[in-house]
Amino acid sequence: MNTILKYFPDLNPTQIDQLSQLGALYADWNSKINVISRKDIDNIYVRHVLHSMSLAKIFQFKDGSKVMDLGTGGGFPGIPLAILFPNVDFLLVDSIGKKVRVTEEVARAVGLKNVRTQQIRAEELKEKFDFVVTRAVAVLPQLVRWTHRVISDKHQHGTPNGIWALKGIDRAKEEAKALGNNAYTEIYPMKELFEEEFFETKCIVYAQK
Ligand SMILES: C[S@@+](CC[C@H](N)C(=O)[O-])C[C@H]1O[C@@H](n2cnc3c(N)ncnc32)[C@H](O)[C@@H]1O
(Lines give C-alpha, C1' and ligand atoms only; values in the text may rest on other atoms or scores of the structure.)
Protein backbone atom coordinates (compact mmCIF):
# COMPACT_ATOMS: atom_id res chain seq x y z
CA MET A 1 0.00 0.00 0.00
CA ASN A 2 2.96 2.35 0.62
CA THR A 3 3.92 2.08 -3.05
CA ILE A 4 0.42 3.20 -4.03
CA LEU A 5 0.70 6.25 -1.76
CA LYS A 6 4.13 7.06 -3.20
CA TYR A 7 2.63 7.50 -6.68
CA PHE A 8 -0.85 8.66 -5.68
CA PRO A 9 -0.28 10.97 -2.68
CA ASP A 10 -3.57 12.82 -3.21
CA LEU A 11 -5.95 9.93 -2.55
CA ASN A 12 -8.77 10.82 -0.17
CA PRO A 13 -9.42 8.84 3.07
CA THR A 14 -12.25 6.83 1.46
CA GLN A 15 -10.03 5.78 -1.43
CA ILE A 16 -7.15 4.86 0.92
CA ASP A 17 -9.53 2.81 3.03
CA GLN A 18 -10.99 1.02 -0.01
CA LEU A 19 -7.59 0.26 -1.53
CA SER A 20 -6.25 -0.92 1.84
CA GLN A 21 -9.01 -3.52 2.03
CA LEU A 22 -8.18 -5.12 -1.32
CA GLY A 23 -5.14 -7.11 -0.13
CA ALA A 24 -7.05 -9.08 2.51
CA LEU A 25 -10.16 -9.45 0.34
CA TYR A 26 -8.24 -10.97 -2.57
CA ALA A 27 -6.11 -13.17 -0.31
CA ASP A 28 -9.35 -14.55 1.11
CA TRP A 29 -10.99 -15.06 -2.30
CA ASN A 30 -7.85 -16.59 -3.72
CA SER A 31 -7.89 -19.27 -1.05
CA LYS A 32 -11.31 -20.34 -2.45
CA ILE A 33 -11.09 -19.53 -6.17
CA ASN A 34 -7.91 -18.87 -8.13
CA VAL A 35 -8.45 -15.30 -9.33
CA ILE A 36 -4.82 -14.14 -9.05
CA SER A 37 -1.77 -16.33 -9.61
CA ARG A 38 -0.36 -17.63 -6.31
CA LYS A 39 2.99 -15.89 -6.75
CA ASP A 40 1.30 -12.57 -7.51
CA ILE A 41 -0.94 -12.47 -4.46
CA ASP A 42 2.03 -11.39 -2.29
CA ASN A 43 2.72 -8.55 -4.71
CA ILE A 44 -0.88 -7.60 -5.28
CA TYR A 45 -0.42 -3.88 -4.63
CA VAL A 46 2.28 -3.39 -7.29
CA ARG A 47 1.38 -6.04 -9.87
CA HIS A 48 -2.38 -5.66 -9.79
CA VAL A 49 -3.55 -2.55 -7.95
CA LEU A 50 -0.88 -0.04 -9.03
CA HIS A 51 -0.70 -1.62 -12.49
CA SER A 52 -4.46 -1.07 -12.86
CA MET A 53 -4.22 2.50 -11.56
CA SER A 54 -1.37 3.36 -13.95
CA LEU A 55 -3.81 4.62 -16.56
CA ALA A 56 -4.74 7.53 -14.29
CA LYS A 57 -1.18 8.83 -14.70
CA ILE A 58 -1.85 9.56 -18.36
CA PHE A 59 -5.61 9.91 -18.69
CA GLN A 60 -8.44 11.09 -16.43
CA PHE A 61 -11.97 9.86 -17.13
CA LYS A 62 -14.46 12.71 -17.02
CA ASP A 63 -17.19 12.49 -14.33
CA GLY A 64 -20.31 10.83 -15.73
CA SER A 65 -18.50 8.83 -18.40
CA LYS A 66 -19.14 5.13 -18.96
CA VAL A 67 -16.32 2.60 -18.98
CA MET A 68 -16.36 -1.16 -19.65
CA ASP A 69 -13.65 -3.45 -18.26
CA LEU A 70 -13.44 -6.25 -20.82
CA GLY A 71 -12.42 -9.60 -19.28
CA THR A 72 -12.14 -8.19 -15.78
CA GLY A 73 -11.33 -11.58 -14.16
CA GLY A 74 -11.23 -10.81 -10.43
CA GLY A 75 -11.68 -7.08 -11.12
CA PHE A 76 -8.52 -5.74 -12.80
CA PRO A 77 -8.13 -3.04 -13.89
CA GLY A 78 -11.80 -2.17 -13.16
CA ILE A 79 -11.92 -2.24 -9.35
CA PRO A 80 -8.87 -0.02 -8.65
CA LEU A 81 -9.99 2.39 -11.41
CA ALA A 82 -13.52 2.54 -9.98
CA ILE A 83 -11.99 3.49 -6.60
CA LEU A 84 -9.94 6.24 -8.27
CA PHE A 85 -12.87 7.56 -10.33
CA PRO A 86 -15.95 7.36 -8.05
CA ASN A 87 -18.05 9.50 -10.41
CA VAL A 88 -17.48 7.29 -13.44
CA ASP A 89 -19.83 4.39 -14.22
CA PHE A 90 -17.96 1.08 -14.62
CA LEU A 91 -19.34 -2.14 -16.08
CA LEU A 92 -17.01 -5.07 -15.33
CA VAL A 93 -17.65 -8.00 -17.67
CA ASP A 94 -16.28 -11.49 -17.88
CA SER A 95 -17.53 -14.61 -19.61
CA ILE A 96 -16.81 -16.75 -16.52
CA GLY A 97 -19.50 -16.57 -13.84
CA LYS A 98 -17.40 -17.38 -10.78
CA LYS A 99 -14.95 -14.57 -11.59
CA VAL A 100 -17.82 -12.13 -12.00
CA ARG A 101 -19.14 -13.14 -8.59
CA VAL A 102 -15.76 -12.49 -6.94
CA THR A 103 -15.62 -9.07 -8.60
CA GLU A 104 -19.16 -8.29 -7.46
CA GLU A 105 -18.38 -9.32 -3.87
CA VAL A 106 -15.18 -7.26 -3.75
CA ALA A 107 -16.99 -4.18 -5.15
CA ARG A 108 -19.72 -4.61 -2.54
CA ALA A 109 -17.27 -5.22 0.32
CA VAL A 110 -15.43 -1.94 -0.32
CA GLY A 111 -18.70 -0.05 -0.90
CA LEU A 112 -18.31 0.85 -4.56
CA LYS A 113 -21.57 2.37 -5.85
CA ASN A 114 -20.25 3.03 -9.36
CA VAL A 115 -19.60 -0.60 -10.34
CA ARG A 116 -21.91 -3.03 -12.10
CA THR A 117 -20.85 -6.52 -13.12
CA GLN A 118 -22.13 -8.81 -15.85
CA GLN A 119 -21.37 -12.34 -17.00
CA ILE A 120 -21.32 -12.03 -20.77
CA ARG A 121 -18.93 -12.21 -23.70
CA ALA A 122 -17.99 -8.60 -24.43
CA GLU A 123 -18.85 -8.93 -28.12
CA GLU A 124 -22.46 -9.71 -27.17
CA LEU A 125 -23.00 -6.47 -25.22
CA LYS A 126 -25.57 -4.03 -26.57
CA GLU A 127 -24.79 -1.10 -24.26
CA LYS A 128 -22.64 1.84 -25.37
CA PHE A 129 -19.49 3.02 -23.57
CA ASP A 130 -17.11 5.94 -23.78
CA PHE A 131 -14.05 3.81 -23.09
CA VAL A 132 -13.01 0.17 -22.78
CA VAL A 133 -10.23 -0.76 -20.35
CA THR A 134 -8.66 -4.19 -20.44
CA ARG A 135 -5.66 -6.22 -19.28
CA ALA A 136 -4.39 -9.61 -20.40
CA VAL A 137 -7.43 -10.55 -22.49
CA ALA A 138 -6.77 -10.40 -26.25
CA VAL A 139 -4.56 -8.95 -28.98
CA LEU A 140 -5.35 -5.41 -30.13
CA PRO A 141 -6.95 -6.35 -33.48
CA GLN A 142 -9.30 -8.69 -31.59
CA LEU A 143 -10.09 -6.04 -28.96
CA VAL A 144 -10.93 -3.54 -31.69
CA ARG A 145 -13.19 -6.06 -33.49
CA TRP A 146 -14.99 -6.97 -30.26
CA THR A 147 -15.60 -3.42 -29.08
CA HIS A 148 -15.89 -0.95 -31.95
CA ARG A 149 -19.68 -1.31 -32.04
CA VAL A 150 -20.11 -0.52 -28.35
CA ILE A 151 -17.78 2.48 -28.15
CA SER A 152 -19.83 5.63 -28.67
CA ASP A 153 -18.60 8.25 -31.05
CA LYS A 154 -17.53 11.06 -28.71
CA HIS A 155 -14.50 13.04 -27.67
CA GLN A 156 -13.29 13.74 -24.15
CA HIS A 157 -10.79 16.58 -23.65
CA GLY A 158 -9.77 16.08 -27.27
CA THR A 159 -9.27 12.32 -26.82
CA PRO A 160 -11.76 10.35 -28.96
CA ASN A 161 -13.46 7.46 -27.19
CA GLY A 162 -11.53 4.22 -27.53
CA ILE A 163 -9.67 1.38 -25.82
CA TRP A 164 -7.06 1.62 -23.05
CA ALA A 165 -5.18 -1.70 -22.79
CA LEU A 166 -2.43 -2.72 -20.36
CA LYS A 167 0.18 -4.80 -22.17
CA GLY A 168 3.81 -5.84 -22.49
CA ILE A 169 5.61 -3.30 -24.62
CA ASP A 170 7.01 -5.70 -27.26
CA ARG A 171 3.63 -7.32 -27.82
CA ALA A 172 1.92 -3.95 -27.93
CA LYS A 173 4.24 -2.80 -30.73
CA GLU A 174 3.64 -5.99 -32.74
CA GLU A 175 -0.11 -5.81 -32.25
CA ALA A 176 -0.27 -2.12 -33.17
CA LYS A 177 1.61 -2.99 -36.36
CA ALA A 178 -0.86 -5.79 -37.09
CA LEU A 179 -3.69 -3.28 -36.78
CA GLY A 180 -2.08 -1.15 -39.47
CA ASN A 181 -4.43 1.52 -40.75
CA ASN A 182 -7.45 -0.13 -39.15
CA ALA A 183 -7.00 1.94 -36.01
CA TYR A 184 -4.98 4.79 -34.55
CA THR A 185 -2.73 3.68 -31.65
CA GLU A 186 -0.49 5.32 -29.10
CA ILE A 187 1.90 3.51 -26.74
CA TYR A 188 2.89 4.89 -23.32
CA PRO A 189 5.81 3.03 -21.70
CA MET A 190 5.30 2.57 -17.96
CA LYS A 191 8.97 2.70 -17.03
CA GLU A 192 8.62 6.44 -17.47
CA LEU A 193 5.88 6.49 -14.85
CA PHE A 194 7.10 4.08 -12.13
CA GLU A 195 10.52 3.09 -10.73
CA GLU A 196 9.61 -0.51 -9.82
CA GLU A 197 11.24 -3.19 -11.98
CA PHE A 198 7.85 -4.78 -12.70
CA PHE A 199 6.92 -1.85 -14.96
CA GLU A 200 10.06 -1.87 -17.08
CA THR A 201 8.56 -3.96 -19.88
CA LYS A 202 4.98 -2.77 -19.54
CA CYS A 203 2.99 -0.13 -21.35
CA ILE A 204 -0.45 1.38 -21.77
CA VAL A 205 -1.85 1.30 -25.29
CA TYR A 206 -4.57 3.58 -26.57
CA ALA A 207 -6.43 2.37 -29.65
CA GLN A 208 -9.19 4.13 -31.54
CA LYS A 209 -10.94 2.82 -34.64
C1 LIG B 1 -5.98 -13.62 -18.18
S2 LIG B 1 -7.52 -13.17 -17.56
C3 LIG B 1 -7.23 -11.48 -17.10
C4 LIG B 1 -8.17 -11.02 -16.02
C5 LIG B 1 -7.98 -9.58 -15.57
N6 LIG B 1 -8.23 -8.64 -16.65
C7 LIG B 1 -6.60 -9.37 -15.01
O8 LIG B 1 -5.79 -8.71 -15.65
O9 LIG B 1 -6.32 -9.87 -13.90
C10 LIG B 1 -8.55 -13.00 -19.02
C11 LIG B 1 -10.02 -12.91 -18.69
O12 LIG B 1 -10.74 -12.48 -19.85
C13 LIG B 1 -11.96 -13.19 -19.92
N14 LIG B 1 -12.39 -13.13 -21.33
C15 LIG B 1 -11.72 -13.56 -22.43
N16 LIG B 1 -12.41 -13.28 -23.55
C17 LIG B 1 -13.54 -12.63 -23.16
C18 LIG B 1 -14.66 -12.07 -23.86
N19 LIG B 1 -14.74 -12.13 -25.18
N20 LIG B 1 -15.64 -11.49 -23.14
C21 LIG B 1 -15.57 -11.44 -21.80
N22 LIG B 1 -14.55 -11.94 -21.07
C23 LIG B 1 -13.54 -12.53 -21.75
C24 LIG B 1 -11.61 -14.57 -19.39
O25 LIG B 1 -12.75 -15.25 -18.91
C26 LIG B 1 -10.62 -14.24 -18.27
O27 LIG B 1 -11.26 -14.08 -17.03
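In this predicted model, the lining of the second largest pocket is made up, by class, of five nonpolar, six polar and three charged residues. This pocket holds about 170 Å³ of space, and of the 14 residues that line it, Ile151, Ser152, Asn161, Gln208 and Lys209 lie nearest its centre. The elements that each give two or more residues to the lining of the second largest pocket are H7, S7 and strand S9, which covers residues 202-208.

The largest pocket can be described in the same terms, with about 720 Å³ of space inside it and a lining of 40 residues, of which Gly71, Phe76, Arg135, Ala136 and Val137 lie nearest the centre. Two or more residues of that lining come from each of several elements, among them helix H3 (38-41), strand S2 (89-94), strand S4 (131-135) and helix H8 (169-179). Strand S7 gives the most to the lining of the largest pocket, with four residues.

| Pocket | Volume | Lining residues | Classes in the lining |
|---|---|---|---|
| Largest pocket | about 720 Å³ | 40 residues | 17 nonpolar, 11 polar, 12 charged |
| Second largest pocket | about 170 Å³ | 14 residues | five nonpolar, six polar, three charged |

In soluble globular proteins, nonpolar side chains tend to be buried together. The largest nonpolar core of this model has 49 residues, and those with the most contacts inside it are Leu22, Tyr26, Val49, Phe61, Ile79, Phe90 and Trp164. Helix H4, which spans residues 44-53, gives the most to this core, with six residues. If residues up to four places away in sequence are left out of the count, Ile79 touches Leu22, Tyr26, Leu92, Thr103, Val106, Ala107 and Leu112. There is also a second, separate core of 26 residues, which includes Val93, Val150, Leu179 and Val205.

Is Ser31 buried or exposed? Ser31 counts as exposed because its relative accessibility is 56%, and the cut-off for that class is over 50%. A polar atom of the Ser31 side chain lies 2.5 Å from the backbone oxygen of Asp28. Between Ser31 and Phe129 there are 34 Å in space, taken from C-alpha to C-alpha, and the two residues are 98 residues apart in sequence.

Notes:
Residues are numbered from 1 along each chain as its sequence is written. This is a predicted model: local features need pLDDT of at least 70, side-chain atom pairs count only at pLDDT 80 or more; totals for chains, interfaces and linings use all residues. Side-chain values use heavy atoms; hydrogens and water are left out. Buried means under 20% relative accessible area, exposed over 50%, partly exposed in between (1.4 Å probe, protein chains only). A polar contact is a pair of N or O atoms within 3.5 Å; within protein, one must be able to donate a hydrogen and the other to accept it, and residues adjacent in sequence count only if both atoms are side-chain atoms. A nonpolar core is a set of buried Ala, Val, Leu, Ile, Met, Phe, Trp, Tyr and Cys residues joined through side-chain atoms within 4.5 Å. Contact means heavy atoms within 4.5 Å. On a 1 Å grid over the protein atoms alone, a cavity is a set of points where a 1.4 Å probe fits but cannot get out, and a pocket is an open set with protein on both sides within 12 Å along at least five of seven lines; lining residues have an atom within 4 Å of a point. Grid points are joined across faces, edges and corners, and a volume is the space filled by probe spheres set on the points. Ala, Val, Leu, Ile, Met, Phe, Trp, Tyr, Cys and Pro count as nonpolar, Asp, Glu, Lys and Arg as charged, and the others, Gly among them, as polar.
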